[in-house]
Amino acid sequence: MGSFQFFAGATASPRTTGFTLFSSSTQIFKHLPAGYTVEGLTGKTWSVSTSSFDQTVLKGIPLIESHPTTGKPCLRYHEPWPQSKTKFDATNVRIEGCEESESTAICEAIDSALHDRRVAYYHIWEKGDLVVSDNILMMHTRSDFNAGSDRELWRIHFD
């Protein structure tokens, strides 16, 4: 994983679907639902699995890490992608060391903040757009996407 991500819009996207969301960990932590804090999430780990990429399973990933430059807490997380949300293989995420119901609640709390309009910058891609993002401080995801719509992005990671 590189410290930065460089995105290039190879095509324009429809203006009403398929936004790329960029959310700062700092803002996510400020807008977590009641009962969830960075202190309460620190020390938790998570796992991710998918049938893609040779049946990838990663475990013991810290949910909160310190930024290597600023030392600020940063969320390290992948939003769950059930099969209903993608034409690709599902991505399953689980917060480790807790009951399934608590894992689901934590994921829902993070997902809620990740998509919160007070937190996320919703980017509508134009052909030729270039975006550089701090891959440690920032989370990125996408909104729902209408099937059959053109959308081509290129992304590289670098330090």
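Predicted model: local features only at pLDDT ≥ 70, side-chain atom pairs only at ≥ 80, totals over all residues.

**The sheet and its surroundings**

Modeller: Strand β2, residues 20-24, runs antiparallel to β8, and four bridges join the two. Now the whole sheet. Three strands form it, in the order β8-β2-β10. The sheet is open, and its pairing is antiparallel. β8 (120-123) and β10 (138-142) stand at the edges. Each has a single partner strand, so one side of each is left without a neighbour in the sheet. On average, neighbouring strands are turned by 20° against each other, direction ignored.

A helix packs on this sheet. It is α4, residues 100-115, and it touches β2, β8 and β10. The direction of α4 makes about 90° with that of β10.

From there, go to the core. The largest nonpolar core has 21 residues. Ile 28, Leu 63, Leu 75 and Tyr 77 have the most contacts inside it. Several elements give two or more residues to this core: α1 (25-30), α2 (38-41), β3 (45-50), β7 (91-95) and α4. Of these, α4 gives the most, with five residues. In soluble globular proteins, nonpolar side chains tend to be buried together.

Finish on Leu 75. Leaving aside residues up to four places away in sequence, Leu 75 touches Ser 25, Ile 28, Phe 29, Leu 63, Ile 64, Ile 110, Ile 136 and Met 139. Two of these partners, Ile 28 and Leu 63, are themselves listed with Leu 75 among the residues with the most contacts inside the core.

How values were computed: Residues numbered from 1 in each chain as written. Heavy atoms only, no water. Pairing = 2+ DSSP bridges. Axes fitted to C-alpha atoms, helices over the stretch in contact; angles between N-to-C directions. Contact = heavy atoms within 4.5 Å. Core = buried A, V, L, I, M, F, W, Y, C linked by side-chain atoms within 4.5 Å. Buried < 20%, exposed > 50% of the residue type's maximum accessible area, 1.4 Å probe, protein only.
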